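Dear colleague,

Please find below the structure that I am handing over to you. My findings follow it.

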Amino acid sequence: MRLLAVFALLLLSACGAARELQPAQGRALPDRPYGATATPTAKQLSTASPQARPGRSDELLQKSEERRGDTFDLPPPN
């Protein structure tokens, strides 16, 4: 039981070893993207863009509103 507790503490202590990302030994970051003025850093490459991860909208519906007419909602052709 004591061995299990020591092992669990060892595993948890490894979780706090966060450091800046670096490319693997002997490897380089990817080439500069076409049209970019500078090569992005590892932090920029690992951060999702707002388009990939959009912000959350918590706007609640305050009052019910009638839907606008949809001009493209046409019956199927005969």
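The notes below go from the whole chain to one residue.

This is a predicted model, in which local features need pLDDT of at least 70 and side-chain atom pairs count only at pLDDT 80 or more, while totals for chains, interfaces and linings use all residues. Residues are numbered from 1 along each chain as its sequence is written, and side-chain values use heavy atoms, with hydrogens and water left out.

The chain has 2 helices and 0 strands (DSSP runs, H or I of at least four residues for helices and E of at least two for strands, numbered from the N terminus). Its C-alpha trace spans about 75 × 50 × 35 Å along the principal axes. Of the 78 residues, 3% are buried (under 20% relative accessible area; exposed is over 50% and partly exposed in between, with a 1.4 Å probe and protein chains only).

Ser-46 belongs to helix α2, which covers residues 42-46. Why is Ser-46 classed as partly exposed? The reason is its relative accessibility of 48%. A polar atom of the Ser-46 side chain lies 3.2 Å from the backbone oxygen of Lys-43. Between the C-alpha atoms of Ser-46 and Leu-21 the distance is 8.8 Å, although the two residues are 25 apart in sequence.

Yours sincerely

Conventions: Polar contact = N/O pair within 3.5 Å; in protein donor to acceptor, adjacent residues only side chain to side chain.
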